[in-house]
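Please look through the sequence and the model shown here before reading on.

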Amino acid sequence: MNKFLPILLPKYLTRTKLTIYNRIAPITTSNTSRTIPPLIWLIAKPITKLGAIIAGRGFRKWWTALPKMKRKIFLAHLRRHRVRYGSSIGITTFTGFVYYDSHIQETPLTGRKRFIIFTNEQLAEIEKLEQEQIFMIYEKDILDPYSPYVNRAMRVANRLFTANREFPEVDKIDWKLTVIDSRIINAVAFPSGDLVVFSGLLDFVENDDELAIIMAHEMSHAVLQHAAEEISHTRLLDVISIGLVLVVWALLPTDLTAAIAQLVADRLLKFALELPYSRDLEREADHVGLMFAAKACFDVRYSPVFWRRMGHVNPEILPEFLSTHPANESRAQELETLIPAALRLRKECNCYELPPHLVPPRPHLKIKKIQI
Ligand SMILES: [Zn+2]
């Protein structure tokens, strides 16, 4: 999703920030009293992890140093009070489950159930810093409102917004558009509704249809609140990881074996749970974005064409299972399976008839690495 890779330094000196339909965004309806202030989490993670290492290691050292007799007494004490200790563990597990269950929400538009601990407002607060940083880095490269690049991106964004504003989830966001002069081929959408498009993307796309597919994908991330979901999921994995750290440092015989086991467990959590989750969110944004583009009457058949061309000019360095994003070819294949449904939706929206053949792409030069 919004992975930002500023690779090439930009050069123009004009600046503007446009708002698509300059409206005040209403406050979202999430229940803020249920959520934990995000900054506390950010600080809590490393401290808690360190605390778990110290506690686990401390227990192991204490246990190793304990005379045999005292160990027996300790184990007998545990056996005697097993109901008390067992019920404490049970109550803690149950409370954790209730917390998890009370933070399950339905994803807007797709209805998928997911775990979320942040409201979009809280997340916008966290991301504000990243957003401000981006605007600071590229301040001199924000294109003038009269630039053809801005006109084009605005035209496509407006068409997407107008066609999809019947969804309250789309309409309630205060969309803003900024076009940055840079060879980076990318676009980013923040939870606040700030859409950032790089001129490199506008140069790379063959037509407005491809541009719409990418912009709609980014808009979908914001509408589906993927940033809040991804951070919540990462926090959940953090809790599991901290529990594992405690167990590993308490049970393994030496610091070295505990450190290695911790590293392995962290990698496993990342490859088995974190990265696949991120790729699923990308797929969902591809899916919803395609439908947004279809409703706005764009030629959705260009979606796999775009990703295949991207695969040619910018092949992946990492295999898919090590990446936060699906591989270009698998994205193209999945989009291909969705095209019939998108074309049906397009028809239901009384869109103009599409020409039978797609225009073949121009030959492209090698471009810089990007992720959309
Ligand atoms: Zn994405």
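In which loop is L109 found? L109 lies in the loop between β2 (104–106) and β3 (113–115), where helices (H or I, at least four residues) and strands (E, at least two) are DSSP runs, numbered from the N terminus. This is a predicted model, in which local features need pLDDT of at least 70 and side-chain atom pairs count only at pLDDT 80 or more, while totals for chains, interfaces and linings use all residues. Residues are numbered from 1 along each chain as its sequence is written.

**Overview**

The protein has twelve helices and six strands. Of its 372 residues, 34% count as buried, a residue being buried if 20 or more other C-beta atoms lie within 10 Å of its own, exposed if 12 or fewer, and partly exposed in between, with C-beta atoms placed from the backbone. Among contacts between residues at least 6 apart in sequence, 79% join residues at least 24 apart, and two residues are in contact if their C-beta atoms, placed from the backbone, lie within 7 Å.

**Residues outside helices and strands**

Although L109 is not a glycine, L109 has a positive phi of about 70 degrees, and L109 counts as partly exposed because it has 18 C-beta neighbours inside 10 Å. N350, also not a glycine, has a positive phi of about 55 degrees and is found in the segment after α12 (328–348). N350 is exposed, because 7 other C-beta atoms lie within 10 Å. D181, in the loop between β4 and β5, counts as buried because it has 22 C-beta neighbours inside 10 Å. D181 and I142 are 39 residues apart in sequence, and their C-alpha atoms are 6.2 Å apart in space.

Strand β6 (residues 194–198) is mostly covered, with five of its five residues buried. In a regular strand the side chains alternate between the two faces of the sheet. In β6, D194, V196 and F198 point one way and L195 and V197 the other way, and all are buried.

Two strands pair if DSSP finds at least two bridges between them. β4 is itself mostly covered, as four of its five residues are buried. Strand β5 (residues 187–189) pairs with β6 in the antiparallel sense over three bridges, and V188 has V196 of β6 as its bridge partner. β5 and β6 form a hairpin with four residues between them, and G193 in the turn has a positive phi of about 100 degrees.

**Helix packing**

| Helix pair | Angle | Axes apart |
|---|---|---|
| α9 (residues 226–251) and α10 (residues 255–295) | about 165 degrees | 10 Å |
| α5 (residues 148–164) and α8 (residues 208–223) | about 60 degrees | 10 Å |
| α8 and α10 | about 120 degrees | 7 Å |

The angle between α5 and α8 makes α5 oblique to α8, given that angles under 35 degrees count as roughly parallel, over 145 as roughly antiparallel, 65 to 115 as roughly perpendicular and the rest as oblique. α5 passes α8 in a right-handed crossing, where a crossing is left-handed if the near helix is turned anticlockwise from the far one by less than a right angle, and right-handed if clockwise. The contact is made by V156, A157 and L160 of α5 and D208, L211, A212, M215, A216 and M219 of α8. By class, this contact of α5 with α8 has eight nonpolar, no polar and one charged residues, where Ala, Val, Leu, Ile, Met, Phe, Trp, Tyr, Cys and Pro count as nonpolar, Asp, Glu, Lys and Arg as charged, and the others, Gly among them, as polar.

α8 and α10 are likewise oblique to each other, and their crossing is right-handed. Residues of α8 including A212, A216 and M219 meet residues of α10 including A285, V288 and L290. The contact of α8 with α10 has nine nonpolar, four polar and one charged residues.

α9 and α10 are roughly antiparallel to each other, and α9 passes α10 in a right-handed crossing. The contact of α9 with α10 has 14 nonpolar, six polar and four charged residues.

Terms used
Axes fitted to C-alpha atoms, helices over the stretch in contact; angles between N-to-C directions.
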